[in-house]
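This report describes a protein chain together with its ligand. The sequence and the structure are shown first.

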Amino acid sequence: MLNDRSSALSLLETRRSGRPRDMVEPGPDEAQLREIVRIAARTPDHGKLAPWRFVHVPRHARRALADLLHRVYRLDNPQPARLEIEAVDRLAHQAPTLVVALSSPLPDTRIPVWEQELSCGAACMNLLLAAHAMGFTAGWITGWAAYSEEVRRAFARDGERIAGFLYIGTPRHPLEERPRPSLDLVLSDWAAPADT
Ligand SMILES: Cc1cc2nc3c(=O)[nH]c(=O)nc-3n(C[C@H](O)[C@H](O)[C@H](O)COP(=O)(O)O)c2cc1C
C-alpha cells in the first residue's frame, strides 16, 4: 500500500523520455541497474512466461558493438557519409548505460504471442519508470538496428526480437515536455452499438 500517493502520481506524471545523445554521467551503477531491471520485471505477464529479457551492454563492450553496427550498416550503405558514420557510432556509444530489450515470446503456449509482446512493452515501460524513480532519465529507441537480422542475431536467440535500445543516464539539459494527446482523444465511454 502506498503511503505517499501524491508523490507516486507526481513521479508518473513527470516522467518523460530523454534523448540518448544528450545523456551524460552518472548512469546507474551495477546495483542500481539490477534494481531497475528487477522492478521492470514486475510486469503483467499472462501465463507467467516472462516473454522478455534485457541484455546490458557494458562500457567495455561498446566499441565491439560499434564495430558490429558499422559492419552491418555498410552492408546496405557501402559508402556512408560522415554524418551517417557518426550516427551509427552514437548508437553504440551514447549515454552512460545501454540495455537492449528483447521480446522472447513462447509460440507453443495457450497465450497469444500478441499478449506476450504487449507484456514486453510493459516491461520496457516499467524500466523507464524505475530509472526515473531512481533519478535518472531513460529513452527507448528502435531504428534500423532494431530491425536488422544481423544485429538481432548478435543479441537474440531464435524467435526473439529486439524491442528496443533503452538508454539511461542524466540529462545534459533540462528535459522539455512534449504535447500529450488530449484526454478526449484517448478516453471515451462505451455505448452499445445500435443493432444490439
Ligand atoms: C517501440 C518504440 C520505439 C521507439 N523508437 C524511437 C526511435 O527510434 N527514435 C526516436 O526518436 N523515438 C523513438 N521512440 C519514441 C521515444 O521513445 C519517446 O516515446 C518519445 O521521445 C517521447 O517521449 P515521452 O513521451 O516518453 O516523453 C520509440 C518509442 C517506442 C515505444
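The account below moves from the overall fold to the ligand site, the salt bridges, the backbone geometry and the surface.

## Overall architecture

The model is a predicted one. Its protein chain contains 7 helices and 5 strands. In sequence order these elements follow the pattern α-β-α-β-α-α-β-α-β-α-β-α. The C-alpha trace of the protein chain spans about 60 × 40 × 35 Å along its principal axes. Of the 196 residues in the protein chain, 37% are buried.

## The ligand site

Which residues lie around the ligand? They are Arg15, Arg16, Ser17, Trp140, Ile141, Thr142, Gly143, Arg178 and Arg180. By residue class, this shell divides into 2 nonpolar, 3 polar and 4 charged members.

On the backbone side, an N or O atom of Trp140 lies 2.5 Å from a ligand oxygen, and a polar backbone atom of Thr142 is 3.0 Å from an oxygen atom of the ligand. From a side chain, an N or O atom of Arg178 is 2.7 Å from a ligand oxygen. The ligand taken alone exposes 630 Å², and the protein buries 55% of that area.

## Salt bridges

The count of salt bridges comes to 10. Three of them are set out here.

| Salt bridge | N to O distance |
|---|---|
| Arg16 and Glu177 | 3.7 Å |
| Arg38 and Glu35 | 3.4 Å |
| Glu160 and Arg53 | 2.7 Å |

The pair of Arg16 and Glu177 links distant parts of the chain, 161 residues apart. Arg16 lies in the loop between helix 1 (5–14) and strand 1, and Glu177 in the loop between strand 5 (161–171) and helix 7. Arg16 counts as partly exposed because its relative accessibility is 22%. Glu177 is also partly exposed, with a relative accessible area of 42%.

Is Glu160 buried or exposed? Glu160 is buried, because its relative accessible area is 6%, under the 20% limit for that class. Arg53, at 22%, is partly exposed.

Shared partners also join salt bridges into a network made of Arg16, Glu177 and Arg180.

## Backbone geometry

Most residues other than glycine have a negative phi, and most peptide bonds are trans. Several positions in this chain depart from that pattern.

The peptide bond that joins Glu25 and Pro26 is cis, with omega about 0°. Pro26 sits in the loop between strand 1 (23–24) and helix 2 (30–40).

Lys48 has a positive phi, near 50°. Its place is in the loop between helix 2 and strand 2 (52–56). Lys48 counts as exposed because its relative accessibility is 76%.

Ala95 likewise has a positive phi, near 70°. Ala95 is found in the loop between helix 4 (82–93) and strand 3 (97–103). Ala95 has a relative accessibility of 5% and therefore counts as buried.

## Surface features

Leu183, Leu185, Val186 and Leu187 make a nonpolar surface patch of about 470 Å². One of these residues, Leu183, belongs to helix 7 (residues 183–186). Leu183 is exposed, since its relative accessible area is 58%.

Glu30 is placed in helix 2. With a relative accessible area of 64%, Glu30 is exposed. The C-alpha atoms of Glu30 and Pro58 are separated by 9.9 Å, the two residues being 28 apart along the chain.

Conventions. Residues numbered from 1 in each chain as written. Predicted model: local features only at pLDDT ≥ 70, side-chain atom pairs only at ≥ 80, totals over all residues. Heavy atoms only, no water. Near = heavy atom within 4 Å. Polar contact = N/O pair within 3.5 Å; in protein donor to acceptor, adjacent residues only side chain to side chain. Areas by Shrake-Rupley, 256 points an atom, 1.4 Å probe, with all protein chains shown as cover. Nonpolar A, V, L, I, M, F, W, Y, C, P; charged D, E, K, R; others polar. Patch = residues over 30% accessible without salt bridge, like charges linked within 9 Å, V, L, I, M, F, W, Y side chains within 5 Å. Salt bridge = Lys/Arg side-chain N within 4 Å of Asp/Glu carboxyl O. Helix = DSSP H or I, 4+ residues; strand = E, 2+ residues; numbered from the N terminus. Buried < 20%, exposed > 50% of the residue type's maximum accessible area, 1.4 Å probe, protein only.
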